[in-house]
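Please look over the sequence and the model shown here before reading on.

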Amino acid sequence: MNVLFAIIQTLLFIALAPLLAGWVKWCKCHLQNRRAPSLLQPYRDLIKLTHKQPVVSKDASWLFIIAPYIIFSTTALAVSVVPLLAVDLPTASSADVIVLVGFLAFARFFLVLAGLDVGTAFGGMGSSREMTISAMAEPAMLMAVFTLTMTASTTNLSFAIDHVLQEGLVLRPSFIFSLSALMLVAVAETGRIPVDNPATHLELTMIHEAMILEYSGRHLALIEWASQLKLMLYGVLIANIFFPWGIAETFSLSVLGYGLLAIMGKLALLVVVLAISETLLAKMRLFRVQEFLSFAYLLGLLGMLSHIILEAAH
Amino acid sequence: MILFLAYAAVLLSFLSGILALLMRQHCSVIKWVHYCCTKRPDWQQRLNNWLEQSVYPQRIQQLSFICLGMAGVFAMIAGVGGLMSEQAMTAQLPLGLPWLPWHVRFDSLSGLFFLIIGIAIFAVSCYGPGYVKGNNEQEHPFAVLGLFSGLFIAGMLLVLLADDAFFFMISWELMSVASYFLVAFQHENSANRHAAFIYLIMAEGGAIAIILAFGVLASFSDGGAFTFDALRNASLSDTWASVAFVLALVGFGMKAGLVPLHVWLPEAHPVAPSHISALMSGVMLKVAVYGLIRFSFDLLGDIQWQWGVALMIIGAISALGGILYAMMQPNLKRLLAYSSVENIGIIFMVLGLSMIFVAKGHPTLAALGFVAALFHAFNHALFKNLLFLGAGIIQHQVHSLNIDDMGGLIKRMPHTSKLFLIACMSISSLPLFNGFVSEWLAFQAALQVGVLDDAVLRSLVPVMAAALALTAALAAACFVKLFGMMFLGLPRTRHAAKAEETQDKGMLFSLSLLAGLCFLFGIFPGLMINLLDNVALQLLGHSLPNATAAGWLWLTPVSAEKASYSAPIVLFLAAIAGGISYRYLRRDPAMALRESETWDCGFGGLTPRMQYTSSAFTMPFRRIFSKVWIIDETITKQPGTMPLQVTDIHYELHVSDHSWPKLYQPIEKSVNRIARLVSRMQTGNIRVYLSYSFFTLIFLLWVIS
């Protein structure tokens, strides 16, 4: 029963991710006085792409062709261990939050290699930048997550969220720090403004888009879907770790439905925040990103230290 | 029984060295064969044919490597036996000093390192024949290479068996000196001689520190005895124990390559033949780790938390420094050598954490850290051997070690590239591979820091965990760059475009074996962790609380509620997810792909020169962490040409290590200065020398009276 539920939840997660991306676009368009595409536009794009025959460079190797499948499936795996509707998730016991970060690193490893595979300047440029950003973002993310795991004294996401739920509403300085750190990391890792601009195709500024420039058709669909999944994953992490209220603790239908509504509401609000910040801010220069991320790292570290000094005193 | 297997491994590696010496003794071997088989002419004939002049060198090489391979197998069996046995085996050999015969002891800690060495030399013995085939026998005689390889391996194995300080130091020196000759093997290059000399100086400096450390310990032991049993019972004051620990740390750290004592490592490892650099980087550094563990956890006993803090900080500096330096190296083997510095740093960091837990009275957590450190040592031996052996194949095929001379090798060398990819994924600690498991265990140990009472320690450990996370992320960047530049993209040189897959089955087999082990222990880490648990039990007196509490599929180092990881399930799920997406999207093979030109923005004419180079790839890192290196960047433009003519701009980049100008050059200068002062005494005048002896005599008489 639990296993079945885990599968359904993962599928639901995968199915809802494009909707979230559509909602981001919708909010941004309205904030910028543009006419918004339909909320379902990302689904239409994905369907269109899956029906197209991919064009692959003759210089590409097998790694280029297999990379989209690896990227998509590892991102899907990462998604499967994040509690979306209910806390008690059987998959969470086979992969904890450190493994989750590992999955994302796995996907990134292949994405970057795929960028280097064809041997164009764009691919190399995107790969180099992506690795730079992720090398700085990954420790910051782990710092933020470690604060949570030390509070709950477990690295299992299900148990950790359950712990936060049981504690009730407590104002913890460490959580405020790590929440802000995780939000900054999420912005960087999902390639949003001010770190990267998902809408740009200007040679000098693109990061994520530069790596996947050679992809088309099904391959592109998988990579796009994976990055939508990643956006939603960070959203759910932030929403469910720091504001877990509403998530189902039992498996009755009404509670689960309520959980679904709760998470959709939380995500919708988060996206509004994201859209406002994307509208207000401009993209940074690449070499300002390190300051942005070391700030995130510092916040994570402060969160950890304030947990150790203020909250965990014996 | 196990002890005999261990002896057999040592003897076989000696034998392989001695066999190599027969390389040029064809006539005497034939004579000897005649002498031995006078009664059996048919045997004589057969042996004669087998050892015919034309194939004789090959036969000897084969025999020598077969001996090495058998030594490896015996060492592996002995190692596993040692890991599984509850008790240590001891013996005395009728060798050595008259009042101090060689004491031998084989416990599970020695067993683990026997296993590491066994796997490595087995892989090397499969790889070696293919590797030395192309050598010019006149320039680089196999006799020298084989002899010193045999001695080097025997030395390493004997270090692990030693149970008294004399025997330990003799084996240690055998290992150091034999490896000096291996580093100097291609001595026609002055750079190689220089590297070997630096290595020798630092190895001997380290050995002196180790001898002093033993000396401090022995002076407190019962009657100044040098057996490890006596040293274990020595009761030291805290200060003297710390002195001994610092000396041991310097001595073993010199060999292990801790920053700033690492400078010999990137010089010496690249110039040795590839299978020897694999042994040096993958295994010899581990022997140094063994030495420190044996010295501090076993001999010194009462561990102080300050030592743990020192190890952790030095380890963190080594890890970060190592990987940042590695990233900037254009030379493949230098890059790998620096990455060994990083991994040794990680091992020491986790050992330090374990020491803190021991000193603060949390033995089960200490066992967790200890197991994580040992597992990382084991894993690093596997993937670093794989990388170095792969580097050897690539050097043979591309005739260069500069990664900017490669590119596109994934198509030319399909097998090597796949195996190398596995090594890169393991060392970047990606899930499903072994490197990830040891790092995961290290994080789990660090996250239990809440149990400590000391607030400073409680905040220091998470900072170290953050350093570990940063190291892992940088390592991923470094090895993505390495794989991308070497194997992907378009070939950057003619040699790379013409490279071919190696035809030697043995070389590919040894690589596949190591890659298979990397994957096996990534999926079933429990196999190894159960064995390592035994080491923790013997040395610390405690094992992991319940490593497999939730069943054999799961790894639960602390308890099932706190953390669990199940690689088999993850692999299963990954296979399902990948399989579904692949099947669904490639239903129609006719529609699968269309090949076309690479997108060139409509300008046409993409050339390999337009690709990112390794220095371009790491440029953002160079800028962000600019204080870490000494960066010497020069851009020269030819005067009088068009301003943007790319061909007229010359760019040169030199990235070097801070430790040379900051630490070693001042030492070198002061040694020279002192030497000059001393040389003033030596006037060359016999009367002055006579007066020196006269005054010395008077001084001694005065002392005696």
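In chain A, the axes of helix 1 (residues 2–31) and helix 9 (residues 217–242) come within 8 Å and cross at roughly 90 degrees, where axes are lines fitted to C-alpha atoms, for helices over the stretch in contact, and angles run from 0 to 180 degrees between N-to-C directions. That makes helix 1 of chain A roughly perpendicular to helix 9 of chain A, a word that covers angles of 65 to 115 degrees. This is a predicted model, in which local features need pLDDT of at least 70 and side-chain atom pairs count only at pLDDT 80 or more, while totals for chains, interfaces and linings use all residues. Residues are numbered from 1 along each chain as its sequence is written, and chains are lettered from A in the order in which they are written. Helices (H or I, at least four residues) and strands (E, at least two) are DSSP runs, numbered from the N terminus.

Among the residues of helix 1 of chain A that meet helix 9 of chain A are A:Phe13, A:Leu16 and A:Pro18, and the partners in helix 9 include A:Trp225, A:Leu229 and A:Met232. The residues of this contact divide into 11 nonpolar, 2 polar and no charged, with Ala, Val, Leu, Ile, Met, Phe, Trp, Tyr, Cys and Pro counted as nonpolar, Asp, Glu, Lys and Arg as charged, and the others, Gly among them, as polar.

Between the chains, 72 residues of chain A are in contact with 65 residues of chain B (C-beta atoms, placed from the backbone, within 7 Å). Helix 5 of chain A gives the most to the side of chain A that touches chain B, with 17 residues, and that side divides into 40 nonpolar, 24 polar and 8 charged residues. Strand 1 of chain A and strand 3 (residues 594–596) of chain B run parallel and are joined by 3 bridges, strands being paired if DSSP finds at least two bridges between them; here A:Ser57 stands opposite B:Ser596.

Definitions and conventions: Parallel < 35°, antiparallel > 145°, perpendicular 65-115°, else oblique. Contact = placed C-beta atoms within 7 Å.
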